[in-house]
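Here are my notes on the model you sent.

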Amino acid sequence: MSNEQSSIAFPSTEELSGPLLRVKDLRTTFSTPRGSLTAVDGVSFELGRGETLGIVGESGSGKTVLARSVMGLLPRSNTTQTGSILFEETEIVGAQEATLREIWGAKIAMVFQDPMTSLNPVVRIQRQITESLRLHTSMDRAEAKATAISLLSQVGIPSPAERVRAYPFQLSGGMRQRVTIAIALACSPRLLLADEPTTGLDVTVQAQILDLLSSLQSARQMAVILVTHDLGVVATRTDRIAVMYAGHIVEMASTKRLFASMAMPYTQALLRSTPRISQPSHTRLIAIDGRPPDLINPPSGCAFAPRCTYATDQCRSERPPLRTAAEDPTHLFACWNPLQTGNAGSITTAKGEN
Amino acid sequence: MSSTTDAVSSSATESSVGVSGAPKKRKRKALGTIFWISICWIGVVFLLAIVASWIGLDDPNNGDFSLINSSPSWAHPFGTDDLGRDILSRVIYGARVSLIVGFGAMGIGMSIGGTLGMIAAYRRGAVDTLVSAASYVMLAFPALVAVIAIVAFWGHDIWKITIIVGVASTPLVYRVIRAATLSYATREFVTAAKAQGATDTRILSRELLPNVLPTVISYFLIGVATVIILEGALAFLGLSVPAPTASWGNMINESRTYLSDNPWLALFPSMAMFLFLIALNLVGDALRQSFDAQESKL
Amino acid sequence: MSAETAPLLSVKDLTVSFKKGRQVVQAVAGISFDVYEGETLGLVGESGCGKSTTGRAIVRIEEPTSGEVLVAGKRLTGLGRGELRRARTSIQMIFQDPVSSLNPRRRVNDIVAEPIDIWKTETGDQRAATVREMLEAVGLDPDVAGDRYPREFSGGQCQRISIARALVMKPKVLICDEMVSALDVSVQAQILNLVEDLKAKYGLTLVFIAHDLAVVKNVSDRVAVMYLGRLCEVAPSDDLYALPAHPYTQALLSAVVEPDPEKATTHVTLTGEPPSPINPPTGCRFRTRCPSAQERCSSEVPELREIAPRHQVACHFPTLRP
């Protein structure tokens, strides 16, 4: 899974073997007035350098909390985290803020959903970009400004030398999102977390932003975790996809494999309930009944069982473990009655799971 | 058709536990014992002020000259003042003044200012611009100075004071209620009501008012407290209700000369005012917190 | 749905202008379309194209600057306040934000019954029965949901309540303004199915405004594409998506992401950003980003004209079918 670091002209780092990111049995719990809410419940995965992982789920699935956990961006109070997030030998869970601050921006960067709220409205673009540069590198003001202008042109903003002096409100939604990407990429991080980066943007702008992310990623050999609710967004731009539901990863496979032979009824249901341009008008959507479970009092057994058309008694009483598919050991799923005909694989222990 | 039904009973019951906060009983954040004590105290003061004439108090306006400036005793639990008048009785009768001026003035302020504020926030446009401009002008004028001037000119009986203070409080009430209404007036349920053909009056009274009411109530109570203090300020300038009528402000004012001789004169009316004001503030604040907590769930 | 029958909703030369400071923004610049009884017209476009403004102007929540709106032959524009209020029951609207569309301090029963209360058409038991019927029709249990407050419901359920409220007075036309945009994918599917079912059950005529092309295709019989306040193309859904004639429609369709890894991501990248509606380009408003733009496009505003049965395009150089 690890790719070779290619010799691109940005501050290079020592070669490290092994995956860039290793998440093992991560569990994030928030204490709320109503009880403790387990937003991420035992998630494990690995990410290699330059790889793109798509994390797909609806609201309440835990995908945003997972992304923020990986970054270490969760609030300190009322939050408990167990498990391990190993980013290049640094443990994120329980790390000191000083350690995290060295990583933020420089090694891991995040692009958020709403560019209007993730950009400081009263600070010029230039300073928002150079802030990160000045913090993590030894550039002086002039160098930082030049780098900022170069970054703006890399993200496709016309007249970057003028635009760099603008305020966020003077730019359109698509432009602002490009600026947040520029800020994120300023110090050439190894890992980019993009949390719903195109939700709310127009479809043409969405396409442009996604293309931009792809091209920047391949130029910089950067790993990307793309968090979204839209299966369309991840279909052509990711190497692997993890589907989340109620805080668990319920299926994970390479992108092509996932769409070709998905195992989880939830994944199938998600796909079937999304209207598609390729379908004729008035195609009846196969909607999923009910609503996502209450994460404070999750149901016993499989979290999706109450809404699953294939659910059996076993599904309702026992939570299925993540298993590998027989034909493809990188395809993980958690289901007692997976979709492939017959038994979709022996019950071998998936890597990292107990 | 099962795909359209929202797993009807299970999810709707789910919603009562899963979506809302606590199960239905604990709808509001508990208001607390302090709140209830304060409410009781306010109630007690009201009650006493109303039944003052019937509970056999000593005459508040005529005193027994043989007992000037006496300390508390069985006959006079709060002592007597420099004219031999029973302080307890004066404090209770004095509550009337504070209550009438306080609630009366705020009542006027809320009715005029509150109504205008709601209308301005809902209608916007010319009405809003004009009335807001007028309110700015009025607010620019130092309220206390204006009140003093007008009271001195027009006369200071209890009703005139109430009216003057009431009108003076209108611009501020207008601004507050207008701001509170604005946050609701822009919401789509108001547009939806209009789209159903509701008249403006109906929208104001049935859609906006229930949402603004919490702000109105808590602001009202805090406003009453402010007005009562204002009455005290007027008293210090000799512009509150004329002697011999008792009012807390008057009593505190008169007690200044006798502070060394008879500290009881100052103590009891001050305590009465203090306790009442703090009760008002606590109630207003508790209500506001409780409504804010509800708001955040909305 | 022949051309001979009169349309149920008719919009003629609708213009909506706003004053922004000293400048005038023409959010909707003279659009015309007809919606026939029992059909769903999808109105699609990107942000800033004026589709929501159009919806609101039709219902006169925003006042049209000029133009006409007719519902069942009766003019809606130009009505005085009292008459307008009375006319409102025939055309209802559903909004984007499900939670903000409901008064947080009223119970669901009262919210749904509000139109009845305003117009005093029913009382007592009859009123209660109607409310029950509507709540059931949208898939909520009246016994469980009726007495509760909106905050106890999810976004999808709130949207169902809004639909129930809109249908209580049996309107002729329903304008859905981005009604599923704020909902999760699986809930969106439920609501779309619900709308289809209700449309069949109550014989509704819909104008479905959205920015998601796939959603619009799924729910509409005909689709109208808007750009910067003007209509670009109007055609039956399957036709429009299969053989778009207007360059903008083509660009939009090619940019849509499909959940299919085999689909190639080559698409017509629109150059630049949409121009500001304050200073729109002369002539065809799309010409600054159009790959086929020519001289004529800057001097002459293209009008909607029919290039195939029921397929209209506002373009000087549309892609004609073979």
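**Notes on the model**

1. The buried residues of α1(A) are Lys63(A), Thr64(A), Val65(A), Leu66(A), Ala67(A), Arg68(A), Ser69(A), Val70(A) and Met71(A). That makes nine of the nine residues of this helix, residues 63-71 of chain A, so on the definition used here, α1(A) is mostly covered. A residue is buried if 20 or more other C-beta atoms lie within 10 Å of its own, exposed if 12 or fewer, and partly exposed in between, with C-beta atoms placed from the backbone. Just after α1(A), Gly72(A) takes a positive phi of about 85 degrees.

2. Conventions. This is a predicted model, in which local features need pLDDT of at least 70 and side-chain atom pairs count only at pLDDT 80 or more, while totals for chains, interfaces and linings use all residues. Residues are numbered from 1 along each chain as its sequence is written, and chains are lettered from A and ligands numbered from 1 in the order in which they are written. Helices (H or I, at least four residues) and strands (E, at least two) are DSSP runs, numbered from the N terminus.

3. Ile92(A) sits in the loop between β5 (90-91) and α2 (97-103) of chain A. Is Ile92(A) buried or exposed? It counts as buried, with 22 C-beta neighbours inside 10 Å. Apart from neighbours within four places in sequence, Ile92(A) is in contact with Val70(A), Gly72(A), Ile85(A) and Phe87(A); contact means that the C-beta atoms, placed from the backbone, lie within 7 Å. Arg237(A) is 145 residues from Ile92(A) in sequence and 27 Å from it in space, C-alpha to C-alpha.

4. Chain A has an open sheet of eight strands in the order β6-β7-β8-β3-β9-β10-β12-β11, with mixed pairing; two strands pair if DSSP finds at least two bridges between them. β6 (108-111) and β11 (323-324) of chain A are at the edges with a single partner strand each, so one side of each has no neighbour in the sheet. Strand β3 (residues 52-56) of chain A and strand β9 (residues 240-245) of chain A pair in the parallel sense over four bridges, and Leu53(A) stands opposite Arg240(A) in β9(A). Helix α7 (residues 173-185) of chain A lies across β6 and β7 (191-195) of chain A, at about 175 degrees to β6(A). Axes are lines fitted to C-alpha atoms, for helices over the stretch in contact, and angles run from 0 to 180 degrees between N-to-C directions.

5. In chain C, eight strands form an open sheet in the order β6-β7-β8-β3-β9-β10-β12-β11, again with mixed pairing. Its edges are β6 (91-94) and β11 of chain C, each with a single partner strand, so one side of each is left without a neighbour in the sheet. On average, neighbouring strands of this sheet are turned by 20 degrees against each other, direction ignored. β6(C) and strand β7 (residues 173-177) of chain C run parallel and are joined by four bridges; the partner of Gln92(C) in β7(C) is Leu174(C). Helix α6 (residues 155-167) of chain C packs on the sheet, touching β6 and β7 of chain C, and its direction makes about 175 degrees with that of β6(C).

6. Two non-glycine residues of chain C deserve a check of phi. Most residues other than glycine have a negative phi. Ala72(C), in the loop between β4 (66-71) and β5 (74-75) of chain C, has a positive phi of about 50 degrees. With 16 other C-beta atoms within 10 Å, Ala72(C) is partly exposed. Arg310(C), in the loop between β11 (305-308) and β12 (311-313) of chain C, has a phi near 65 degrees. Arg310(C) counts as exposed, with 12 C-beta neighbours inside 10 Å.

7. Where chains A and C meet, 36 residues of chain A are in contact with 37 residues of chain C. The elements giving two or more residues to the chain A side are α8 (203-220), α9 (231-235), α10 (255-260) and α11 (265-272) of chain A.

Definitions and conventions: Contact = placed C-beta atoms within 7 Å.
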